[in-house]
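Open the model in your viewer and keep the selection tool at hand. Each stop below tells you what to pick and what is there.

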Amino acid sequence: MVEVYTGATGLPNWTIYLAVVISGLAGATYAARRGFDVIGVLTLSVTTGLGGLLIRDILLARGPIVLRDSTFIWMAVVAAVLGFFFAGYIARFDRVLLAMEALAMGLLASVGADSALRAGLGTLSAIVVGTIVATAGSLLRDILGGDAPQLLRPGVFLGVIALSGSILYVLLESLISEPLISQIVVIALVFAGRLLAVRLDLETRPAADLSDRVWSCWDRRKGQPHE
């Protein structure tokens with residue numbers, strides 16, 4: 001029997017399965033509500049559920065470890081079936097689905113950062129991997145769905161919270177070296193931060209183009225007489 005490494009510190013594998021189901025359900029619901037057929041729903045469910053973990057395996061040059069455990073795929077398939085047949089019903093509980101997605105983000109951020117640390121990567125690299133793992137699924141979902149990725153557009157915090165969770169995990173690991181405690185703290189704070197950002201409507205802003213302002217200041221400076 002092949003031992004599957006999920007990078008889940010002291011937490012059992014079912015916590016990673018839960019993250020796959022939650023993310024996959026979000027992807028399936030997204031596809032079903034847009035009228036995708038069964039293949040489209042299945043594709044987005046698997047992509048959203050497994051995307052972050054697959055990219056983690058690629059970045060750490062471990063091969064597709066996730067695919068060695070068929071349970072991961074079955075979890076994504078179950079999420080696809082639920083999303084395909086019950087998308088309208090699930091959509092009524094947007095707040096519950098949001099809470100589940102926030103839980104998955106915290107879990108995946110800590111899993112990605114922990115995996116990188118276990119692979120011998122440095123602090124900055126672990127933070128990058130954790131952020132990518134936490135956000136890759138939703139990014140791939142939006143791209144395949146034909147939408148501009150929410151992660152890359154101004155709006156309610158996504159990348160900022162994933163980045164904060166990864167930084168927090170790496171910091172806690174350097175201070176207390178208790179992976180399970182670090183992971184629980186990260187999950188709780190990412191969960192709270194994501195919900196709070198939505199409740200308070202905290203959003204990122206578009207990039208500010210300072211070119212005209214800089215040139216205006218430069219022209220005024222050049223126009224000043226020399227003393």
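Which side chain does the side chain of D57 join in a polar contact? Select R56: the polar contact between the two side chains is 2.9 Å. (A polar contact is a pair of N or O atoms within 3.5 Å; within protein, one must be able to donate a hydrogen and the other to accept it, and residues adjacent in sequence count only if both atoms are side-chain atoms.)

Two notes before moving on. This is a predicted model, where local features need pLDDT of at least 70, side-chain atom pairs count only at pLDDT 80 or more, and totals for chains, interfaces and linings use all residues. Residues are numbered from 1 along each chain as its sequence is written, and side-chain values use heavy atoms, leaving out hydrogens and water.

**Stop 1: around D57.** Stay on D57, in helix α2. (Helices are DSSP runs of H or I with at least four residues, strands are E runs of at least two, and both are numbered from the N terminus.) D57 has a relative accessible area of 1%, so it is buried. (Contact means heavy atoms within 4.5 Å.)

**Stop 2: the α2 and α5 pair.** Show both helices. Their axes come within 8 Å and cross at roughly 145 degrees. (Axes are lines fitted to C-alpha atoms, for helices over the stretch in contact; angles run from 0 to 180 degrees between N-to-C directions.) On the α2 side, pick residues including G51, G52, L53 and R56; on the α5 side, the meeting residues include V133, A136, G137 and R141.

**Stop 3: the largest nonpolar core.** Select L53, F72 and M105. Of the 34 residues in this core, these touch the most other members. (A nonpolar core is a set of buried Ala, Val, Leu, Ile, Met, Phe, Trp, Tyr and Cys residues joined through side-chain atoms within 4.5 Å.) Helix α4 gives the largest share, eight residues. Centre on L53: among the residues it touches are I16, V20, F72, L108 and V133.

**Stop 4: the second core.** Pick Y30, V41, L44 and A80. They belong to a separate core of six residues.

**Last stop: zoom out.** Colour by secondary structure. The chain has eight helices and zero strands. Buried residues make up 41% of its 227 residues.

Terms used: Buried means under 20% relative accessible area, exposed over 50%, partly exposed in between (1.4 Å probe, protein chains only). Lists of a residue's contacts leave out its neighbours within four places in sequence.
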